[in-house]
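Keep the structure open beside you as you read.

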Amino acid sequence: MRTDSTPIGKYQEQFNALFWQSSPYSWPIVGWPSDIEGITRAEALAFFETYYAPNNLTAALVGDFDPEEAMALAERYFGRLPRGTRPPLPPRTREMPQLAEKRMVAYADTNPQVVIRYHSVPDGHVDEPALVVLGQLLNGRTGRLYKALVEEQQVATSASGGQAGLKFEGMFELQGTAKQGRKPEEVEQAIYQELERLKTEPVGDRELQKVKNQNAAGTFRGLRGNFQLMMQLLIRENNRGWETINTDPPLYEAVTADAIMRVAKRYFTPETRAVAVYYRKESDTAGTLGGGQ
């Protein structure tokens, strides 16, 4: 499995559970090992009948086809399938407000790095467009994180960040990999400095328009291929409806510098974040033990 075959896969799974305190997003997609070992045949069948029933299915056809013929084929091959007897229930438990910073320190076969998550907003929230544009200000080779951490301060070899608005909850994640000879704590503090800039210094018109242009270009490129378009339609339909593919872009274009400052102040607070610091398993552990003697 992907979790077990990557150097920090298991740690990422535990960090996810640390970040989400009460939300079902804290659960791994396939469950914890004890879930897999303990599930009964009857429970597995009940789950399948509920969540893999036709009434819980969304399909998208993209390309050059006859709509009437497509509908006739769909009715022919899928119309005979009965609806599920139990519709899927929406999550009952939502994420509790986080009151204090959470930290995880891990030693793994990976380069020293840091991952920072802030609780933010779900897909469709009024603050999401500003957070998405803010993430684009930070991201990429011309973004603020790369310029500050990689080119200017030279504490990292890579750095990125962005908003992830899920259906019921949301998070803003930032990460950076330490340059050889530098510590992940230096990367962490450098990231915080860039976030503080966003809280106190309005983004210039030219820089803001640049990321809006990049966003518009990326949106257009995502519509040019059938597969990319199909995936967008399916994901959007699962969240707020496929029509948002047309209604969301104007919301990003309308984001102002004041809106970016406002969301930065509101969501980037110490008590709402969780931090994972990764050290290289052999060299960093040995250095820590040696320094303590």
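**Helix 9 and its partners**

Helix 9 and helix 11 (residues 244-253) pack with their axes 10 Å apart, at an angle of about 165°; axes here are lines fitted to C-alpha atoms, for helices over the stretch in contact, and angles run from 0 to 180 degrees between N-to-C directions. Helix 9 is therefore roughly antiparallel to helix 11 (angles under 35 degrees count as roughly parallel, over 145 as roughly antiparallel, 65 to 115 as roughly perpendicular and the rest as oblique). On the helix 9 side, the contact is made by Gln209, Lys212, Asn215, Thr219 and Leu223, and on the helix 11 side by Ile245, Pro249, Tyr252 and Glu253, where contact means heavy atoms within 4.5 Å. These residues divide into four nonpolar, three polar and two charged (Ala, Val, Leu, Ile, Met, Phe, Trp, Tyr, Cys and Pro count as nonpolar, Asp, Glu, Lys and Arg as charged, and the others, Gly among them, as polar).

A word on what you are looking at: this is a predicted model, in which local features need pLDDT of at least 70 and side-chain atom pairs count only at pLDDT 80 or more, while totals for chains, interfaces and linings use all residues. Residues are numbered from 1 along each chain as its sequence is written, and side-chain values use heavy atoms, with hydrogens and water left out.

Now turn to the other partner. How do the axes of helix 9 (residues 205-224) and helix 10 (residues 226-239) cross? They come within 5 Å and cross at roughly 105°, which means that helix 9 is roughly perpendicular to helix 10. Here Gly222, Leu223 and Arg224 of helix 9 meet Asn226, Gln228, Leu229 and Gln232 of helix 10. The residues of this contact divide into two nonpolar, four polar and one charged.

Next, look at a loop. Gln154 lies between helix 7 (144-152) and strand 3 (156-165), and its phi is near 55°, a positive value in a residue other than glycine. Most residues other than glycine have a negative phi. Gln154 is partly exposed, with a relative accessible area of 38% (buried means under 20%, exposed over 50%, partly exposed in between, with a 1.4 Å probe and protein chains only).

Finally, step back to the whole protein chain. There are 13 helices and five strands, counted as DSSP runs (H or I, at least four residues, for helices; E, at least two, for strands) and numbered from the N terminus. Buried residues make up 36% of the 293 residues.
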